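Reader: I'd like to learn how to read a model like this one. Could you walk me through it?

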Amino acid sequence: MPRTAAAPLQALKPAPSRRRSAGAAARATPEADTSATQRIVDAITTAIVERRLMPGTKLAEQKIADLFKVSRTLVRQALNQLSRDRLVTLEPARGAFVARPGVQEARQVFEVRQMLETAMVRKLCAVITDAQIAELRAHLRAEREAVLRTDVPGRTRLLADFHMILARMVGNEVLAQLLTDLLSRSSLISLMYQSSHSAEHSQAEHVALVDALERRDARAAVKLLDAHLRNVERNLRLNPRVHDLDAALRPAG
């Protein structure tokens, strides 16, 4: 199947920066290089999560270097890091592409999320504060507003961020990083396999979960989160059926 660029690389929208002189570039420090590499990693990851870069999009090194005003070496470092995170695939003689996760990987990602997040919510019920409940309520209002105004990138980011806020409230940075990686991969999976999954339904499930957290009802919270993740997975087309033999056997191209 041919690769297609469903969104331009200009979707990366790097943060504005002042052009450096040749002398300044020559004096660039390793710390500056690391910062530039991370900027590229963060921009590509955000563009994927917000559905501005689609699976299979070619990530041309020179175009990215021009956008961020950096060398191709730094771009290559960023792409290598994204490859290790399974967000980018590197193909010999072809270059880098936004990853296209398979069905088995999709199922495994959601399986791991269920294991991690149900344990996370159970622990959070025992330690969550009233101030944290208020923070979650404010986030839910932002989610609802984005859903009502059909802000697809905004609601996608906010619905994913809800899970990250829960992880941060537990106070475990390793868990938060693991969940960050899984949520980014979940976004790719949704781009490839999502059917008519309703953002409104997800948002309502978040509200019910916060209600349970406010009651400190660990059993209800775990049950609600497990059902929420199963609903998201259920709304993915992970079992495609092709009934037309001609369509099934026609060569791609």
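This is a predicted model: local features need pLDDT of at least 70, side-chain atom pairs count only at pLDDT 80 or more; totals for chains, interfaces and linings use all residues.

Reader: Which pattern does the protein chain follow, read along the sequence?

Author: Residues are numbered from 1 along each chain as its sequence is written, and side-chain values use heavy atoms, with hydrogens and water left out. Helices (H or I, at least four residues) and strands (E, at least two) are DSSP runs, numbered from the N terminus. Here the order is α-α-α-α-β-β-α-α-α-α-α-α-α, which comes to 11 helices and 2 strands.

Reader: What percentage of the residues count as buried?

Author: Buried means under 20% relative accessible area, with a 1.4 Å probe and protein chains only. Of the 253 residues in this protein chain, 43% are buried.

Reader: Which residues of helix 3 are buried?

Author: In helix 3, residues 61-68, they are Glu61, Ile64, Ala65 and Phe68. Seen down the helix axis, these buried residues fall within an arc of 100°, so they line one face of helix 3. That arc is taken from the directions from the helix axis to the C-beta atoms. Lys69 follows helix 3 and has a positive phi, near 55°.

Reader: What is Ala36 in contact with, beyond its neighbours within four places in sequence?

Author: Contact means heavy atoms within 4.5 Å. Ala36 sits in helix 2 (residues 30-49), and leaving those neighbours aside, Ala36 touches Val70 and Leu74. Ala36 counts as buried, at 10% relative accessibility. From Ala36 to Lys69, the C-alpha to C-alpha distance is 9.4 Å, although they are 33 residues apart in sequence.

Definitions and conventions:
Buried means under 20% relative accessible area, exposed over 50%, partly exposed in between (1.4 Å probe, protein chains only).
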